[in-house]
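Please examine the sequence and the three-dimensional structure shown below. The paragraphs after them are intended to be read with both in view.

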Amino acid sequence: MSSKKTLATLGSCALFFPVLASADFIADSTAGIELRNFYFNRDFRNGPPTAQRDNAAEWAQGAMFRFSSGYTEGTVGLGVDALGMYGFKLDGGDGSGGTGLLPADLSANNGQGSQRDYAKLELTAKAKVSETVLKVGSLAFRNPVAQSNDTRLLPSTFEGAMVTSSDISKLALQAGKLQQIKFNSSSDYQDFTGNRIGGVSDDFRFAGGTYSFNKGLSTSLFYGNLEDVYRQIFAGVVYELPLAAQQALKFDLRYAKSREDGNFRPLDNRSANGQVAYTLGGHMVTAAYQRMSGDDPFPYIANSDPYLVNFVQINDFANIDERSWQLRYDYNFAAMGLPGLTFMTRYVSGDNVSVGGGHGGKEWERNTDIGYVVQTGALKNLGVKVRNATVRSNFGNDLDETRLIVSYTWGLW
């Protein structure tokens, strides 16, 4: 974040200091600490080592302190949120950097080094009227056109302003303007770029909402605009149908249309994707299908997450003209009397990718996750997760990847 923007955010937060004595501001505040130990190893399996790298591996420790105040009394309630983050290297990065856990050190090890540590301070001023909330400063949120990423040591954040409202019964509205993004492994904000499509912008605007007809049926409509790069319209429907005791079907249908904005090169993408999940006790089986149409891949902000059913651990299966399907199985061992233990495995296959003037591109990815969170005792909230992925492609990298994440979260008050 630039010094001017930092001072502006601090100045905004300082406006609240005289009213910190408000009972609601203090009594409704929460604070907590999360420790995250992250090991990441990715092997590039395209053949014997060449001038290109064949491995990326790092091990790092992160710490996050979160504070969220309540709101002052009165028609307009005021508050402030803060997030302090610190990450440091335990091992790796000496020629095997680039995992996204730590900032790159381009001056070392042929550009494949990493820095020893980094820190972030995120501040957010907020105001509330009835059930409408305005937040200004650092933002981390998820909607169909913009999603911050939290798949590395520390989360990414946006800088901007956002309004959310649930004053109208059954309708949740959201709108905002984002100015910059801070990557997972960076201490500084930077302008937006389009993932895989290029373009640079310092302005992303969005608006939309979700209407819930009842407990099981909702529909969403959102608009996003990365200024001078792309415009995107999203529509979606989610329908959950209870079948019997501990049985249910859930349908999730999504469609997005994207075009160029301003003087950016011609851009055309249409994304149709959806999934259906069947739940029976602790079991859940999911089938998904995703189809890209048009002359371009699916556009979204680099270092954020695309809202696609086949966006998985490594790939998004959103290349030009790509068709992909997914089969997934989840099991919650709470059904066997082991709460906190979960398992997931999935397979995604994509084809028809536009490559070299034809449509012969193919790729597949297999993921397996197993995790456990301690439920009681002195180690309550200690979590361990192992994530494994295999990717094979006839137009991109073949990858084998393992992530080991140990986290511990506790609330201070």
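Predicted model: local features only at pLDDT ≥ 70, side-chain atom pairs only at ≥ 80, totals over all residues.

Residues are numbered from 1 along each chain as its sequence is written, and side-chain values use heavy atoms, with hydrogens and water left out.

We begin with charge. Side chains of opposite charge can pair when their charged atoms come close. A salt bridge is defined here as a side-chain nitrogen of Lys or Arg within 4 Å of a carboxyl oxygen of Asp or Glu. The whole structure contains 22 salt bridges. One of them joins the side chains of D203 and K177, with an N to O distance of 3.6 Å. These two residues belong to distant parts of the chain, 26 residues apart: D203 is in the loop between β13 (198-201) and β14 (204-212), and K177 is in strand β11 (residues 171-182).

How accessible are the partners? A residue is called buried under 20% relative accessible area, exposed over 50%, and partly exposed in between, using a 1.4 Å probe and protein chains only. D203 has a relative accessible area of 5% and is therefore buried, whereas K177, at 35%, is partly exposed.

A further salt bridge connects R265 and D296, whose closest N and O atoms are 2.7 Å apart. This pair also links distant parts of the chain, 31 residues apart, with R265 in the loop between β17 (247-260) and β18 (268-280) and D296 in the loop between β19 (283-293) and β20 (323-332). R265 is partly exposed, with a relative accessible area of 35%, while D296 is buried at 6%.

D351 and R323 form another salt bridge, with 3.3 Å between the closest N and O atoms. Because D351 lies in strand β21 (residues 341-355) and R323 in strand β20, the pair ties together parts that are 28 residues apart in sequence. D351 is partly exposed at 29% relative accessibility, and R323 is partly exposed at 31%. Salt bridges can also be linked in a network, as they are among E34, R36, R66 and D150.

Which contact does the side chain of D398 make with a backbone nitrogen? D398 is found in the loop between β23 (382-393) and β24 (399-411). D398 is buried yet has no salt bridge, and the nearest side chain of opposite charge, that of R392, is 4.5 Å away. In this count of charges, Lys and Arg are positive and Asp and Glu negative, whereas His and the chain ends are not counted. The side chain of D398 does reach the backbone nitrogen of S393, at 2.8 Å.

The backbone angles come next. Most residues other than glycine have a negative phi, and most peptide bonds are trans. R196, a residue other than glycine, has a positive phi, near 70°. R196 is in the loop between β12 (192-194) and β13, and is partly exposed with a relative accessible area of 42%. N303 likewise has a positive phi near 70°. N303 lies in the loop between β19 and β20 and is partly exposed at 26% relative accessibility.

On a 1 Å grid over the protein atoms alone, a cavity is a set of points where a 1.4 Å probe fits but cannot get out, and a pocket is an open set with protein on both sides within 12 Å along at least five of seven lines; lining residues have an atom within 4 Å of a point. The structure holds 2 cavities of 30 Å³ or more. The largest cavity has a volume of about 80 Å³. Its lining consists of 15 residues, of which P144, V145, Y300, D305 and P306 are the closest to its centre. The second largest cavity has a volume of about 50 Å³, and its lining includes P144, R254 and Y307. The elements giving two or more residues to this second lining are β16, β17 and β18.

The second largest pocket contains about 380 Å³ of space. Among its 20 lining residues, R66, L83, S138, L139 and A140 are the closest to its centre. R66 also belongs to the network of salt bridges described above.

Definitions and conventions:
Points joined across faces, edges and corners; volume = space filled by probe spheres on them. Helix = DSSP H or I, 4+ residues; strand = E, 2+ residues; numbered from the N terminus. Polar contact = N/O pair within 3.5 Å; in protein donor to acceptor, adjacent residues only side chain to side chain.
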